[in-house]
Amino acid sequence: MTTHAGAVHAHEAPQGFIRKYIFSLDHKVIGKQYISLALFSAFVGMFLSLLMRMRLAWPTMKLPFFPDGILPEQYLAMVTMHGTIMVFMVLTTAPQSGFGNYFLPIQIGAADMAFPVLNMLSFWTTLLSLVVLMAAFFVSGGAPLGGWTVYTPLSAIGQIAGPGQGLGMTLWVIAIAIFCGASLMGAINFIATTLDLRSRGMSLMRLPLTVWAWFITAVISLLAFGVLLAAGILLLLDRTAGTSFFIPGNLVLTDKVIPHKGGSPILWQHLFWFFGHPEVYIAILPGMGLASHVLSTFSRKPVFGYRAMVFAMSSIAFLGFIVWGHHMFVSGMSPYVGLAFSVLTMSIGVPSAIKTFNWLGTLWGGDIKFTTPMLFALGFVSLFVSGGLSGLFLAQTSIDQYLHDTYFVVAHFHLIMGVAAIFGIFTGVYFWFPKMFGRMMSDTMGKLHFWLTFVGVYAIFMPMHFIGLAGHPRRYADGSGAAYLASMDPVHVFMSVAAFVTIAAQFIFLFNFLWSIWKGKKADINPWQATTLEWGVPSPPPHDNFAGHEPPVHRGAYEFAVPGVADDYIMQTTPPEKVAKA
Amino acid sequence: MSDSHADVLRESPWTGGGSPYSIGSKKLGMWLFIVSDTLTFAALLLTYSYCRLTNPNWPKPFPIFNAIVFTTIMTVVLLGSSLTMVMGVAAAHRGNRASTVKWMLATMLGGAIFCGLHATEWMHLIHDGLTPFSNKYGGSPLFGATFFGITGLHMTHVAIGVIYLGIVATGFGRGKFSAEDVEVSGLYWHFVDLVWMFVFPMIYLMSVKY
């Protein structure tokens, strides 16, 4: 083998606080920066959901900063910002850019990402996007009202469509366009790193499933964000340059004819959902990879059907690009097109079922260790199944006609895309914390956090399915307008109380996280007795990960309970002659 | 990026067994960027097609003389700059620095002429009353919106390309960049030309006045 000095020693360890921690080129620092950004955003998004739950359960209650109670327009602004912040700044950022940045290079045996400068740029661009997005709260008119999908034409015609549809909406579009750029830079880096910088012996079918998941997610990002960028540019032109891409002719709003003609609001839906559906998989795939990884590690068994897992993730990614129409069944599309989208959507159930049964197969007969990360991985599987099955209801055009824009949809996507992905993130935090900070998180607090959160999210979102089935529309600030909605008020109160308990439980996590950074029990190099490369380097790993050499890889990622071997696991870096016989 | 990293990128750093991906990370990164940018342009051209199909009063304002002839000259200039870029990349691989820089300057000149002609055309059309939101030729105002949106983004790509080639040519002339860097910048340049080969028929040739 030829030696490639740079591949294992990408750049010198920087000196000084700013180069080391602020404008760092080190993928581990950038990973932590992304995770901090996501943690901050998650708490902002959670605070918004708290306010929304207050409004839904007790519509007239006066709150600090809201002397007249929360106005319906303010409620809609909260819906928009909660969705946008959670989808872009938490679900897209934490599992992929955060953990991916930190652990992808280490798990493939590289010293850094392929393009360290691009990596730093993509973080700072993401931060800029967050700042612009948050600025929408503070401009005149406040944050936009259209939900995270910002459907046209109301998002394209400016202030006349509502208080937040002026400058706030413009800032929203700019923030998302910037975010697209950041995600594209990240995607290019992830793909190039995975293909080019693998250590000797790390063939594709030896990669940990986490790496496969990050790689496939990067491919999805590469193909999806470019389209959102185009859609964002067009929307921005409509808003600022007077074009009419998304604004039809003769649109009348508050007794005024809008001076545009010729555009199509449906076009926005096509462009947005061509990005929006793959985005769901951008959020959930890293969680799938991590769940496979952690279930195998704590069942002390190899992943059941490793190749099938890889192919299932790939086919989910592929199918994700040809099902966007299922978000648009009520947009007036031809029933034949609707049928095609319906069948394709349901076919995603096949690779999803393969993954689920392989997870169960991994657990089957295993020597299961119920650690905190294991509990969250199990929770992920549970939520993935619960949230996924309701997707089969919504995939059918006839049922969706009725369920569209009800709380059933809200419950469905919160379980699968929101909470399941968040459980994936928690799995990552609890699993990798010892490696990232060199200390263990408290298991007691972790388990308390798990059970409160697990029961809490089901208590919030299961009743939500039923009020959706009963016809409760989403995005209403309260149900006081119609008698049949008023009868569901007690359910709203129940869900709100469940939400308060769940949110309170997150502070246990926050305390545990911060406390363990400084006061946690010191962690060994490999506290979970796991097999992948990150567990062979010190905790936290040094600047260049492998101290200037490429670790040769001798086996696949999940060699647990190998017959005739003394230990119940073999590290990927252990050469055959070093494996102790039983 | 430090020198040691650049060394790695020049030769293939991949050592993971049989090697189907033995291209440098920079070249791979450029290909990936091209993939994502293709999707962006595809979305815009799809928007154009969608608007054209859903608006029965789509205008066809470009006469063969002078509009189409003028744009054909622009097309020839841009395609010619791809040829000079190929010569530049070949010279770089032969290690002939002076020749590479010359060919790249020719390429940049082609790009700059294209931008200049394009800007002239824009000024002419705007003077005629075609803007992103109005259309004095009659028919849908979306003609101007798609026209300026798509050609504007393409022209931005060409302009960025001229600057990018300038940086690479300077660096290569001083020995700071490798032949591979020249080739990577060539990839970008050919991509920008290729996009024009979709824009030209779809926006100009399909809008000929007859």
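Analyst: Happy to. This is a predicted model, and its chain A is divided into domain 1 (24–263), domain 2 (282–520) and domain 3 (524–582).

User: How do you know that domain 2 of chain A touches domain 3 of chain A, and how many residues take part?

Analyst: Two residues are in contact if their C-beta atoms lie within 7 Å. The contact takes 13 residues from domain 2 of chain A and 11 residues from domain 3 of chain A. The centres of these two domains, taken over C-alpha atoms, are 32 Å apart.

User: What makes up the side of domain 2 of chain A that touches domain 3 of chain A?

Analyst: The elements giving two or more residues to that side are α9 (265–299) and α15 (407–437) of chain A. Its largest share, four residues, comes from α15(A). By kind, the residues on that side are seven nonpolar, three polar and three charged.

User: Why is B:Tyr188 called buried?

Analyst: The cut-off for buried is 20 or more other C-beta atoms within 10 Å. B:Tyr188 has 20 of them, so B:Tyr188 counts as buried. This residue lies in helix α6 (residues 179–204) of chain B.

User: Which residues is B:Tyr188 in contact with, leaving aside neighbours within four places in sequence?

Analyst: Those are B:Met30, B:Gly161 and B:Tyr164. As for B:Ala112, its C-alpha is 16 Å from that of B:Tyr188, and the two are 76 residues apart in sequence.

User: What makes helix α4 of chain A "mostly covered"?

Analyst: The count does: 18 of the 20 residues of α4(A) are buried. This helix (residues 72–91) reaches 27 Å from its first C-alpha to its last, close to the 28 Å expected at 1.5 Å a residue.

User: Which residues have the most contacts inside the largest nonpolar core?

Analyst: They are A:Ile191, A:Val227, A:Ala231, A:Ile284, A:Met313 and A:Ala420, in a core of 229 residues. Helix α8 (residues 209–240) of chain A gives the largest share of this core, 23 residues. Take A:Ala231: leaving aside neighbours within four places in sequence, A:Ala231 is in contact with A:Trp268, A:Leu271, A:Phe272 and B:Ala43.

User: How do you know how confident the predictor is in chain A?

Analyst: pLDDT gives that confidence, from 0 to 100. The mean for chain A is 93, and 98% of its residues reach 70 or more. Over residues 1–9 of chain A, though, pLDDT stays under 50.

Conventions. Residues are numbered from 1 along each chain as its sequence is written. Chains are lettered from A and ligands numbered from 1 in the order in which they are written. This is a predicted model: local features need pLDDT of at least 70, side-chain atom pairs count only at pLDDT 80 or more; totals for chains, interfaces and linings use all residues. A nonpolar core is a set of buried Ala, Val, Leu, Ile, Met, Phe, Trp, Tyr and Cys residues joined through C-beta atoms within 7 Å. A residue is buried if 20 or more other C-beta atoms lie within 10 Å of its own, exposed if 12 or fewer, and partly exposed in between; C-beta atoms are placed from the backbone. The expected span of a helix is 1.5 Å times one less than its number of residues. Domain bounds come from an automatic or database domain assignment. Ala, Val, Leu, Ile, Met, Phe, Trp, Tyr, Cys and Pro count as nonpolar, Asp, Glu, Lys and Arg as charged, and the others, Gly among them, as polar.
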